[in-house]
Amino acid sequence: MSKYPVLSLVIPTWNRKPVLNKILNSLTKQNFKRPFEIIICDSNSKDGTKELMLRYNNYPNLIIKYFNLANNISIKRNFGLKYAKSNNIVFLDDDCVPEKNYIDKYFKLLNNSDDKSIYCGIVKFPKQKLFQNYYKYRQSRHFLKYDQNYLDENTIVTMNMGIKRSLISKKNLYFKKSLGILGKNLNGFEDYEFAFRLKKQNIKIKKCDCTIFHLDERGLKQHAKKYFVFGKDTIHKLEQVNYEACKNNIFFKLKNSFLIRLIIKNTFLLKIMLFISNRIIDYNEKSNNLGFIYFKFVLLSYFVYGLSIKNNVK
């Protein structure tokens, strides 16, 4: 059997060895018999990620390649796109465990695809997590059934996405590295901006039923910090990189709304919002019966707090 890969799976990672081990273990059990490659794009993880790769070098259908790059998800995805041996590319995040027929589904889909479509699959949280309302809220943010409706920049699923490399290379539609910073200097919206440019090129973002299980352990408190960074840094960076895309973004509209400007100028009101938000976070850690509106309030409050730190609202 030829060892030339018929599909290339790109996994950006950083210090997530336990979950990455589950992903690789799942990939050894795929019901797909043709060779495919796994491109691991790391950033000098200190948890034994590199050593983990040695445990998976002896599986006949797996071709594992390991690289260390800057801790920037756009750089990692772009590297995977350029280095991959196959024209069939799948992006998978390092906290997403694929279903058993994941590779087979994506191969059939991409092998029969044209250069006018990309595909995003289903994201599910583990059933035991869905006893908590916050994870139910997060699950509600993803589609759970395949249909013919297209996705857009607000709903693209880059953590589980299949794409033809030729589509990206011909039109030079790589991810913007200025929006992909990870680690302490978290940035983002690289997926939003990427999808916006796809739509400008009349490329369809289609749903598919390739399913992953999202093992993200971050709770409300951690996501509040992420939304704080959205307000402090990320939305302003998106505005600099692609203003046309930014002006349609809900965070940009919030930033420039009269009400949000008023809250930022009234520091007492903002302090009340943060006080209430922190009480909600504390309560949510002890109880699972809060409604979605409470989670939205917390995330909005921390986004506004980030805007106030940036002091970038005129």
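1. Two strands pair if DSSP finds at least two bridges between them, and strands here are DSSP runs (E, at least two residues) numbered from the N terminus. With that in hand, look at S1 and S2 (residues 36-42): they pair in the parallel sense over 5 bridges. Leu9 has Ile38 of S2 as its bridge partner.

2. A word on the model: it is predicted, so local features need pLDDT of at least 70 and side-chain atom pairs count only at pLDDT 80 or more, while totals for chains, interfaces and linings use all residues. Residues are numbered from 1 along each chain as its sequence is written, and side-chain values use heavy atoms, with hydrogens and water left out.

3. Now stay with S1 (residues 8-12), where 5 of 5 residues are buried (under 20% relative accessible area, 1.4 Å probe, protein chains only). Ser8, Val10 and Pro12 point one way, and Leu9 and Ile11 the other way.

4. Which residues have the most contacts inside the largest nonpolar core? They are Leu9, Leu24 and Ile38, in a core of 61 residues. Such a core is a set of buried Ala, Val, Leu, Ile, Met, Phe, Trp, Tyr and Cys residues joined through side-chain atoms within 4.5 Å. Apart from it lies another core, of 32 residues, including Tyr134 and Phe189.

5. Not counting residues up to four places away in sequence, Ile38 touches Leu9, Ile11, Leu24, Leu27, Leu62, Ile63, Ile64 and Lys65 (contact means heavy atoms within 4.5 Å).

Conventions:
Buried means under 20% relative accessible area, exposed over 50%, partly exposed in between (1.4 Å probe, protein chains only). Helices (H or I, at least four residues) and strands (E, at least two) are DSSP runs, numbered from the N terminus.
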